[in-house]
Amino acid sequence: MSRVVILGAGISGHTAAAFARKWLARNDSVTVVSPVEYYNWIPSNIWVGVGLMRPGQVTFPLAPVYARNGIEFKQAWARAIHPEGDAGDPAPYVVIERASGGTEKVPYDFLVNATGPRLRFDKTEGLGPEANSLSVCTPEHAVQASAALDEAVERMRRGERQRFLVGVGHGTCTCEGAAFEYVVNLEFELRARGVRDKADITWITNEYELGDFGMGGMHMRRGGYVVPSNLFTESLFAERDIDWITRAHVSQVEQDRVHYETLDGAQREQEFDFAMLLPPFSGVGLHAYARDGSDITGQLFQPNDFMRVDADYTAKPCEQWSPGDWPRTYQSPAYANIFAAGIAFAPPHAISLPHTSPSGTVIAPAPPRTGMPSAEIGKTVARSIADMVRGSGQPTRTASMAEMGAACVASAGAHLLTGTAASMTVYPIVPDFARYPLYGRDLDYTFGEIGLAGHWIKILLHHMFLYKARLRPGWALIPE
Amino acid sequence: MPGPDSPADRSPRSGAAAPAPESGSVKVTASSTPYATRPTRWTLFLRTFVPWQLWRFARINLKMIRIIRRSR
């Protein structure tokens, strides 16, 4: 009998747990540890944040789903990993802090760290829902954003002008795509509520060019040319009268303005009445201890608290970045029975080219690891573990982001007949200039298109992925 | 041997565009920028024209399935 413990029940952790349960024998155990009692289909938080969905439509309780499928669920925070056990017992275990109080040792034979990100609002003074800006990272944050939007709309109906600022709240943020979805949905919603003429909307981003999305942008064939994605994003903003600020690091958020630095070193301000700014991420801050009790956190984790896996972490200039730097199995180099999946694994470096202001401020997006790649990595790790439980000496499956494509549908307005969304596919996620000279990607598999069809697909994905996450009959047939 | 202007020589990552010199970014006002690409009326019409979008719905889904298959 083997014990598989999965830390985290987000897209990656939940996928890993579901497939591990499916592929392991009944006498093997699968345990999920998560501080949150519900599953959240995060891509749809955008619609909660503009008041089009309730939190209950993007979440469901995990305990009944896990109980029905033979997965043990512990609502708790993972605090420390003891990969060599302790002086009394060499069996590895994780220390968790239960939501109901108290701590517990959870022994494991295989461990998957899928803890996702810690939202680092603290990295920018005044950033976050407990200070001066809003977020849509959790359903609770999205509800707060929706209420603030309702208030702003009321003021506009009374004749006041409102200034909206949407984007990222730090120079090293990732998830620009989510903020992008929010700003275009916000604009659509203001039109739908008949107050668009009273709103000034500004997008603020750390991207060097619009449409970078932390992937170094992408190219696609359009109208007889190969065009960059900034053209695509820029046209969406221009037609919707959304202003934009690129290459910006937000250094402080006050009640009615942000202070930001741009790549030329200039310090600027932007006033707002409503600001939705996403935070930068780090790992959740797990610690690791050797059998003698010494701290080995540095062996398992990078300084940003993301877990080290089979990537090449050698510091090197971007000229020497290679697709081979990216992890394939997500196995810890320190302990063969520990894996990291989804946002929790430490990427070897960025995908977008790095830029630094004269004062030394890094202003460049971190690489995205959300959505489809996250789920695919969770599934791959589960397969490898299932095979290792059956006797394989090493991971059997790989899922490198340099060999994997991604499909993304970014909502740009939710309505069954007048809504639109940007549908994009990219292959591979990490550009490979040796295989695809000039653009780094296969243009037969990389495309983008805006239209109502994208909105239908977004709706379809919302229902399909929630069905799959509920582990309803046939769930495993639905792709990641 | 590639010449000095060949992509291999320009490129920091065997084909990627060289990083542009660092520069700042001022706010771009959408309503007054003459350089932004904008969709034509025909493009805007097609975006929500249901028969065309039904066709695109099928095509985009097929493209996404191809990506998923290739990723495996």
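Where does A:Pro428 lie? I found A:Pro428 in the loop between β23 and β24 of chain A. I note at the start that this is a predicted model.

**Entry 1: the cis bond**

I checked the peptide bond between A:Tyr427 and A:Pro428. The bond is cis, with omega about -10 degrees. Most residues other than glycine have a negative phi, and most peptide bonds are trans. I kept that in mind for the later entries too.

**Entry 2: the sheet around that loop**

Next I looked up the strands on either side. β22, β23 and β24 of chain A form an open sheet of three strands, in that order, with antiparallel pairing. β22 (406–411) and β24 are the edge strands, and each pairs on one side only. From one strand to the next, the twist averages 10 degrees.

I then counted the links between β22(A) and β23(A). Six bridges join these antiparallel strands. Which residue of β23(A) is the bridge partner of A:Cys408? I found A:Met424 there.

**Entry 3: where the chains meet**

I turned to the contact between the chains. Chain A gives 51 residues to the contact and chain B gives 35 residues. Several elements of chain A supply at least two residues each to the side that touches chain B: α6 (229–239), β14 (242–245), β23 (421–426), β24 (447–451) and α9 (452–469). So two strands from my sheet entry turn up again, because β23 and β24 of chain A are both named among these suppliers.

Which element gives the largest share of this side of chain A? α6(A) does, with six residues. I also sorted the residues on this side by kind. I got 29 nonpolar, 13 polar and nine charged.

**Entry 4: chain B**

I read chain B from end to end. Its secondary structure comes to three helices and zero strands. Along the sequence, the pattern is α-α-α. How much of chain B is buried? Buried residues make up 18% of its 72 residues.

I went back to chain A and looked at the loop between α6 and β14, where A:Asp241 has its place. Phi of A:Asp241 is near 60 degrees, a positive value in a residue other than glycine. Is A:Asp241 buried or partly exposed? I counted 15 C-beta neighbours inside 10 Å, so A:Asp241 is partly exposed.

**Entry 5: two neighbours in one loop**

The loop between β11 and β12 of chain A holds A:Phe213. A:Gly214 lies in the loop between β11 (199–204) and β12 (219–222) as well. Phi of A:Phe213 is near 55 degrees, again a positive value in a residue other than glycine.

I checked burial for both. A:Phe213 counts as buried because it has 27 C-beta neighbours inside 10 Å. A:Gly214 has 24 such neighbours inside 10 Å, so it counts as buried too. The cut-off I used for buried is 20 or more.

What is A:Gly214 in contact with, leaving aside its neighbours within four places in sequence? I listed A:Thr174, A:Glu176, A:Ile351, A:Ser352, A:Pro365, A:Ala366, A:Pro367 and A:Pro368. I also took a distance from A:Gly214 to A:Val95. They are 119 residues apart along the chain, and their C-alpha atoms are separated by 34 Å.

**Entry 6: β5, β6 and β7**

I moved to the strands of chain A between residues 72 and 107. β5 (residues 72–82) and β6 (residues 93–98) run antiparallel and are joined by six bridges. A:Ala76 has A:Arg98 of β6(A) as its bridge partner.

On to the next pair. Five bridges join β6(A) to β7 (residues 103–107), and these strands run antiparallel. Which residue of β7(A) does A:Val94 stand opposite? I read off A:Val106. The hairpin of β6(A) and β7(A) has four residues between the strands. In this hairpin, A:Gly101 takes a positive phi near 110 degrees.

**Entry 7: helix α8**

Last, I looked up α8 (residues 372–389) of chain A. The helix has 18 residues. From first C-alpha to last, α8(A) reaches 26 Å, close to the 26 Å expected at 1.5 Å a residue. Why do I call α8(A) largely enclosed by the rest of the structure? I do so because 15 of its 18 residues are buried. After α8(A) comes A:Gly391, with a positive phi near 120 degrees.

Methods. Residues are numbered from 1 along each chain as its sequence is written. Chains are lettered from A and ligands numbered from 1 in the order in which they are written. This is a predicted model: local features need pLDDT of at least 70, side-chain atom pairs count only at pLDDT 80 or more; totals for chains, interfaces and linings use all residues. Two residues are in contact if their C-beta atoms, placed from the backbone, lie within 7 Å. Ala, Val, Leu, Ile, Met, Phe, Trp, Tyr, Cys and Pro count as nonpolar, Asp, Glu, Lys and Arg as charged, and the others, Gly among them, as polar. Two strands pair if DSSP finds at least two bridges between them. A residue is buried if 20 or more other C-beta atoms lie within 10 Å of its own, exposed if 12 or fewer, and partly exposed in between; C-beta atoms are placed from the backbone. Axes are lines fitted to C-alpha atoms, for helices over the stretch in contact, and angles run from 0 to 180 degrees between N-to-C directions. The expected span of a helix is 1.5 Å times one less than its number of residues.
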